[in-house]
Amino acid sequence: MKRLGLAALLAAAALALLPATARADVTYPDPLPLTGRQIVHDPTVHQLENGQYVAYSTGGIIGARLSTDLHRWDDAGNAFATPPSWWYDYNSTADPWAPDLTYRDGRYWLYYAVSSWGTNRSAIGVATSPTGLPGTWTDHGKAFTSEKTDAWNAIDPAVIHADGKLWMAFGSYWTGIRMVELDRRTGKALPDAPVHHLATRPDAPYAVEGASILRHGAHYYLFASYDACCAGVNSTYKIRVGRSTSVTGPYVDSTGKPMLEGGGDLFLASHGRYIGPGGESTFRTHGKTWLAYHYYDATDNGTPKLGLNKLSWTGRGWPELL
């Protein structure tokens, strides 16, 4: 996600001095080989009812890529032909970030954020579509907002259905990852709904963002991006994970350290040409669960590209990449 600029870059050096949490000496698998239009940032991937895969992502627009096999991706234009007018209230170029795509009640739901660099005056919007294809979306305005007086930042949405209720994780810096309950009918935050706290870092600038939550067995798994994105090959992004038996937490890593105290197993980090992986989401297809994320390609001037890996599970119920 677009971030704090100079503050984030300065913080990256300080964050490197923090003690590692639940760190393991691992070798990370390379992502699935892809062809076609691979340039994405903060991807959300879904298999549509027509059998195609769509990937929506950040990039000055909510850009769309389509695939029939997960290997070759083609440019499919933008989610919206014209930006909704209210986006300009949050930045002068109507630049949306970090979309999240889900399907429920016979419709596709697209959540996204509008904000500007370095501020938490932000909004998460919601749109619906009968097909999920670009150009078919109807925008319904703001689902949740934050102001400079809030201790959180309303960007990077991730929606999950749990225990008969609809929830949205969100957050970036400003004390990390939060969660709020949504109205199933409107897809917007319930009036006066409490804001739950899921994950943070011990010190400012609390560089945790880009949450994604996955249910497996008796647990909910919270994936989050740590450290600094958006600096090409100098990005320090990495993905950590914790789990909870309740969607609202508390989430802990495999050592039992709470994610509210800086915990989180290191799940995916830079390796080889794949620098700063993050902005992750998960999706299921043909009985398999996949992790979608972006990385910065060290062999292509740090261009952000789509990464896809299958998820598997250890005997102790923790996710691992294939």
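This is a predicted model: local features need pLDDT of at least 70, side-chain atom pairs count only at pLDDT 80 or more; totals for chains, interfaces and linings use all residues.
Residues are numbered from 1 along each chain as its sequence is written, and side-chain values rest on heavy atoms, without hydrogens and water.

Strands are DSSP runs (E, at least two residues) numbered from the N terminus, and two strands are paired if DSSP finds at least two bridges between them. An open sheet of four strands was found in the order 6-7-8-9, with antiparallel pairing. Strand 6 (96-104) and strand 9 (138-146) each have a single partner strand and stand at the edges, so one side of each is left without a neighbour in the sheet. From one strand to the next the twist averages 20 degrees, with axes taken as lines fitted to C-alpha atoms and angles running from 0 to 180 degrees between N-to-C directions. Strand 6 and strand 7 (residues 107-114) run antiparallel and are joined by seven bridges; Leu101 has Leu110 of strand 7 as its bridge partner.

A nonpolar core is a set of buried Ala, Val, Leu, Ile, Met, Phe, Trp, Tyr and Cys residues joined through side-chain atoms within 4.5 Å, where buried means under 20% relative accessible area (1.4 Å probe, protein chains only). The largest such core has 20 residues, and Tyr56, Ile62, Phe80, Trp87, Leu110 and Trp137 have the most contacts inside it. Two or more residues each come from strand 3 (53-57), strand 4 (63-67), strand 7 and strand 8 (122-129). Strand 7 gives the most, with four residues. Another core, of 19 residues, lies apart from this one and includes Ala169, Ile177, Met179 and Ala211.

Aromatic rings of Phe, Tyr and Trp (its six-membered ring) were paired if their centres lie within 6.5 Å; planes under 30 degrees apart count as stacked, over 60 as edge-to-face and the rest as tilted. The count by this rule is 13 aromatic pairs. The pair of Phe283 and Trp290 is stacked, because the ring centres are 6.3 Å apart and the planes are at 15 degrees. Phe283 is buried, at a relative accessible area of 5%, and Trp290 is buried at 8%. Ring pairs also link Phe80, Trp86, Trp87, Tyr90 and Tyr112 into a cluster.

A charge sits over a ring if NZ of Lys or CZ of Arg is within 6 Å of the ring centre and within 35 degrees of the ring normal. Arg121 lies over the face of Tyr90, 4.5 Å from the ring centre. Arg240 lies over the face of Tyr226, at 5.7 Å from the ring centre.

How values were computed:
Buried means under 20% relative accessible area, exposed over 50%, partly exposed in between (1.4 Å probe, protein chains only).
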